[in-house]
Amino acid sequence: MKLRIFTEPQQGASYEDQLRVAQAAERLGFDAFFRSDHYLHMSGDGHPGPTDSWVTLGALARETERIRLGTLVTAATFRLPGPLAISVAQADQMSGGRIEFGFGTGWFDAEHKAYGIPFPPLGERFARFEEQLEIITGLWTTKPGDAYSFEGAYYRVVDSPALPKPAQDPRPPVIIGGGGAKRTPRLAARFADEFNMPFSSLADTEAAYGRVRAACEAAGREATLMSAAQVVCVGADEAEVERRAAAIGRQKDELRVNGLAGTPAEVLDKIGTFKAAGAERLYLQVLDLSDLDHLELIAAEIMPHV
């Protein structure tokens, strides 16, 4: 199983904070550095303010060498599909082909209100999301020299040169996630290279994987790669677990139930249950970006054993 670092910069992180974590994650051997795509904090004061995910990832692409980079997940409500395809393709070029594209419908109403972004009802968001997936992947995979067109209920693309192309051929991997029972598995089976189940119990994760596998089979394709995301809080001893939980405003016993918390041995045991369910990648949500010793501990005591 590959371990990836996943951050929530809207809670309060500068570009420099994210750069330190990304470079530490690369130095320590983690597979990827991912970040959320949000414009408003969910707790705390959010200072110094949000950082745009694709501006940040483009910059990190030039200041890292090996580690893969991506979003979990970009909100379809934030950007038009054509310009988003350009941004992601450019970041992929800047990274030498290390970008992965996590993509979702968008869900946080308050951040849309705070920054003047339209927030349609859920059904329309899913319909727009599907059209955006069609357009973005279509632009990336159109052969050089050919034009791309699309006519949908919400978006129209006419004779696009479908440029620039990403570095990866045919395109960056697409990650779709969530616990929806019908639309999400169908879209994952159609478009995704990876399905991610975030912040869920083992039972709910196994059920979601089963739905996506069934949708892939119905679509006549092999199942996507499966992954999960869990908040992480590891300590060398109980006092360190408690200190790290307090630093992110959580209780250690609650995190043991709803995340990956405890000593390295405890966390390894729980990671093993997700691996047995079929997860091949695990996104470790790191909420205290100042605690690089936390990454050191995970890299030394957990990573070699997964």
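**Exercise 1.** Is the crossing of α1 and α11 left-handed or right-handed? Describe how these helices pack.

*Solution.* The model is a predicted one, in which local features need pLDDT of at least 70, side-chain atom pairs count only at pLDDT 80 or more, and totals for chains, interfaces and linings use all residues. Residues are numbered from 1 along each chain as its sequence is written, and side-chain values use heavy atoms, with hydrogens and water left out.

Step 1. Helices (H or I, at least four residues) and strands (E, at least two) are DSSP runs, numbered from the N terminus. The axes of α1 (15–28) and α11 (residues 292–301) lie 10 Å apart, at an angle of about 20°. Axes are lines fitted to C-alpha atoms, for helices over the stretch in contact, and angles run from 0 to 180 degrees between N-to-C directions.

Step 2. Angles under 35 degrees count as roughly parallel; α1 and α11 are therefore roughly parallel to each other.

Step 3. The crossing of α1 and α11 is right-handed. A crossing is right-handed if the near helix is turned clockwise from the far one by less than a right angle, and left-handed if anticlockwise.

Step 4. The contact (heavy atoms within 4.5 Å) involves Arg 20, Val 21, Ala 24, Ala 25, Arg 27 and Leu 28 of α1, together with Leu 292, Leu 295, Glu 296 and Ala 299 of α11. By class there are seven nonpolar, no polar and three charged residues. Ala, Val, Leu, Ile, Met, Phe, Trp, Tyr, Cys and Pro count as nonpolar, Asp, Glu, Lys and Arg as charged, and the others, Gly among them, as polar.

**Exercise 2.** Describe the packing of α2 with α3.

*Solution.* Step 1. The axes of α2 (residues 53–63) and α3 (residues 81–95) come within 8 Å and cross at roughly 15°. The two helices are therefore roughly parallel to each other.

Step 2. The crossing of α2 and α3 is left-handed.

Step 3. From α2, the contact is made by Trp 54, Gly 58, Ala 61 and Arg 62; α3 contributes Leu 84, Ser 87, Val 88, Ala 91, Met 94 and Ser 95. These residues divide into six nonpolar, three polar and one charged.

**Exercise 3.** Which element gives the most to the lining of the largest pocket?

*Solution.* Step 1. α5 gives the most, with four residues. The elements that give two or more residues to this lining include α5 (122–141), β5 (99–104) and α6 (183–191).

Step 2. The residues of the lining divide into 15 nonpolar, 15 polar and six charged.

Definitions and conventions
Parallel < 35°, antiparallel > 145°, perpendicular 65-115°, else oblique.
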